[in-house]
Amino acid sequence: AHAHPLGGHIVIPCESDPDLHFDDNREPEAARMCRACPAREACLALALDMESGQGPTGRYGVWGGLTPAERAAFAGVGAAGRGVVVRGVRHLRAPRG
């Protein structure tokens, strides 16, 4: 379990199989696991911040339910504030400021 900024602890699904999220052959399975994760949005925001300015080749693993290619595409769309829908899940990027 991880400390939650609002207090208490949360259990994140990827803790049960962390290697799953870095196996290119299992990306769809990893992305499905992320859908119900309470940390999905924070995880995606962390990945986007870490990958800022990188092209698709500088991205690795499933973070926040998105594959490296999806995050590369999202980085441009999300910056405009519109977000993106991937596999039926809407991903929004928090405004910076």
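What share of the contacts in the protein chain with a separation of 6 or more is accounted for by residues 24 or more positions apart? In this predicted model, such pairs make up 35% of the contacts in question. The fold of the protein chain comprises three helices and four strands, arranged along the sequence as β-β-α-α-α-β-β. Of its 97 residues, 33% are classed as buried. The accessible surface of the protein chain comes to about 5900 Å², of which 58% is supplied by carbon and sulfur atoms.

The mean pLDDT of the protein chain is 75, and 66% of the residues reach a score of at least 70. Among the secondary-structure elements, helix α1 has the highest mean value, 91, whereas the lowest, 52, belongs to strand β1, which spans residues 2-3. Over residues 77-81 the pLDDT remains under 50; for this segment the model has six contacts beyond four places in sequence.

Helix α1 covers residues 27-34, and its buried residues are Glu27, Ala30, Ala31 and Cys34. These residues line one face of α1, because their directions fall within an arc of 100° when the helix is seen down its axis. In helix α2, which runs over residues 40-50, the buried positions are Arg40, Leu44, Ala47 and Leu48. The C-alpha atom of Leu46 is 8.7 Å from that of Gly64, a residue 18 positions away in sequence.

The largest nonpolar core consists of five residues, namely Leu20, Ala30, Ala31, Cys34 and Val62. Ala30, Ala31 and Cys34 are also among the buried residues of helix α1. When neighbours within four places in sequence are set aside, Leu20 is in contact with Arg26, Glu29, Ala30 and Met33. Ala30 has a further spatial relation to Gly65: the two residues are 35 positions apart along the chain, and their C-alpha atoms are separated by 7.2 Å. Gly65 is placed in the loop between α2 and α3. With a relative accessibility of 7%, Gly65 counts as buried, since the cut-off for this class is under 20%.

Tyr60 is likewise situated in the loop between α2 and α3, the latter helix spanning residues 68-79. At 48% relative accessibility, Tyr60 is partly exposed. With residues up to four places away in sequence left out, the contacts of Tyr60 are Phe22, Asp24, Glu51, Pro68 and Arg71. Tyr60 and His21 are 39 residues apart along the chain, with a C-alpha separation of 9.0 Å. Within helix α3 itself, Ala72 is partly exposed, having a relative accessibility of 24%. The C-alpha atoms of Ala72 and Thr57 are 9.1 Å apart, at a sequence separation of 15 residues.

Finally, the cysteine residues were considered. How many disulfides does the count come to? The number is zero, the criterion being a pair of cysteine sulfur atoms within 2.5 Å. For Cys14, the nearest cysteine sulfur is that of Cys37, at 6.0 Å, and Cys14 is in no disulfide. Cys14 is partly exposed, with a relative accessible area of 27%. Cys43 is in no disulfide either, the nearest cysteine sulfur being that of Cys34 at a distance of 6.2 Å. The relative accessibility of Cys43 is 24%, and this residue counts as partly exposed. Cys34, by contrast, is listed among the buried residues of helix α1 and is one of the five residues of the largest nonpolar core.

Key:
Residues numbered from 1 in each chain as written. Predicted model: local features only at pLDDT ≥ 70, side-chain atom pairs only at ≥ 80, totals over all residues. Heavy atoms only, no water. Core = buried A, V, L, I, M, F, W, Y, C linked by side-chain atoms within 4.5 Å. Buried < 20%, exposed > 50% of the residue type's maximum accessible area, 1.4 Å probe, protein only. Contact = heavy atoms within 4.5 Å. Helix = DSSP H or I, 4+ residues; strand = E, 2+ residues; numbered from the N terminus. Areas by Shrake-Rupley, 256 points an atom, 1.4 Å probe, with all protein chains shown as cover. Arc of directions from axis to C-beta. pLDDT = per-residue confidence, 0-100.
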